[in-house]
Amino acid sequence: QRVATGALLHVHGGGFVMGSPEMDAARNIELVRATGCAILSVDYRLAPEHPHPAGLEDCHAALVWLAANAKSRKIPAGRIGLIGESAGGGLAASLALLARDRHSVELACQVLIYPMLVPHAHATDDPRAGKYIWTRASNAFAWSAYLSDATPKPGTLAGLASDLAGLPPAFIAVGDLDLFVQDDLAYVRRLLTAGVSVEAHLYPGAIHGFDRMVDADVSMRFGRDMVAFIARHLG
């Protein structure tokens, strides 16, 4: 059995209401080949049938399992990170907080790809952004389904959390036409203020999900940036 350089817990996107690990299987295989990391992708419960924090708790359970079984999977101790896109990026960011607060797993890094961090009622509006793929209407529906009119527990929504100190190094990537661009950049600033190491990438002209267009120059540039970050922290 090949010895992994580290492991990533992958959290798929889909606005908290759709998606599955299988939809990212091909890309995860390519990431395994590029980084040498093992990847475990979580089939977390979806809203509205299972509102917040059900999906987040599923992700935490998977992370704890991964850490507990790292040795048997030939994963080096202390080399576990998180990766997620869109809603999966928001869940990964919140999971980093949960792992810190519960002292459950010490993480080596977090890779947040255009993360969905802030409920639509608290989001910063940018008239240039959010016209393609993931719109304001989609965002409002998804957050309503996910939160189900409940008041989130402190520390379970990264974009609203008051204390970001002690989190693992972060890679954050977003396009400047993405609906989440202002909130993601605000999260970068808050992480830096809290003393967290951050590598932030803003891709001009890129929309939500731009990385799915794998042959585009901007997507290939993003891929190189992401792989280099993972290699530094898990390689």
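**Before you start**

The model is predicted: local features need pLDDT of at least 70, side-chain atom pairs count only at pLDDT 80 or more, and totals for chains, interfaces and linings use all residues. Residues are numbered from 1 along each chain as its sequence is written, and side-chain values use heavy atoms, with hydrogens and water left out. Helices (H or I, at least four residues) and strands (E, at least two) are DSSP runs, numbered from the N terminus.

**Stop 1: the sheet**

Select the strands. They form an open sheet of 6, in the order β2-β1-β3-β4-β5-β6, with parallel pairing. Two strands pair if DSSP finds at least two bridges between them. Look at the edges: β2 and β6 (198–203) each have a single partner strand, so one side of each is left without a neighbour in the sheet. From one strand to the next, the twist averages 15 degrees.

Now pick β4 and β5 (residues 170–175). They pair in the parallel sense over 4 bridges. Show L112 and find its opposite, I172 in β5.

**Stop 2: helices on the sheet**

Select α1, residues 25–35. This helix packs on the sheet and touches β1 (7–11), β2 and β3 (80–85). Contact means heavy atoms within 4.5 Å. The direction of α1 makes about 155 degrees with that of β2. Axes here are lines fitted to C-alpha atoms, for helices over the stretch in contact, and angles run from 0 to 180 degrees between N-to-C directions.

Which residues of α1 are buried? Colour N28, L31 and T35. Buried means under 20% relative accessible area, exposed over 50%, and partly exposed in between (1.4 Å probe, protein chains only). Look down the axis of α1: the buried residues fall within an arc of 55 degrees, so they line one face of the helix. That arc is taken from the directions from the helix axis to the C-beta atoms. Their cover includes β1, β2, β3 and α6 (217–234). On the other side of α1, A26 and R33 are exposed.

Move to α5, residues 181–193. This helix lies across β4, β5 and β6 and runs at about 155 degrees to β5.

**Stop 3: where two helices cross**

Select α2 (residues 54–68) and α3 (residues 87–102). Their axes come within 10 Å and cross at roughly 60 degrees. From α2, show G55, L56, E57, C59, H60 and L63; from α3, show L91, S94, L95, L98, A99 and R102. These residues make the contact.

**Stop 4**

Most residues other than glycine have a negative phi, and most peptide bonds are trans. Go to the loop between β2 (38–42) and α2, where P48 lies. A cis peptide bond joins A47 and P48, with omega about 0 degrees. P53 is in the loop between β2 and α2. The bond from H52 to P53 is cis, with omega near 10 degrees.

Next, find H103 in the loop between α3 and β4 (109–113). H103 is not a glycine, yet has a positive phi of about 55 degrees. Is H103 buried or exposed? H103 counts as exposed, at 72% relative accessibility.

Finish at Y114, in the loop between β4 and α4 (136–147). Phi of Y114 is positive, near 30 degrees. Y114 counts as buried, at 3% relative accessibility.
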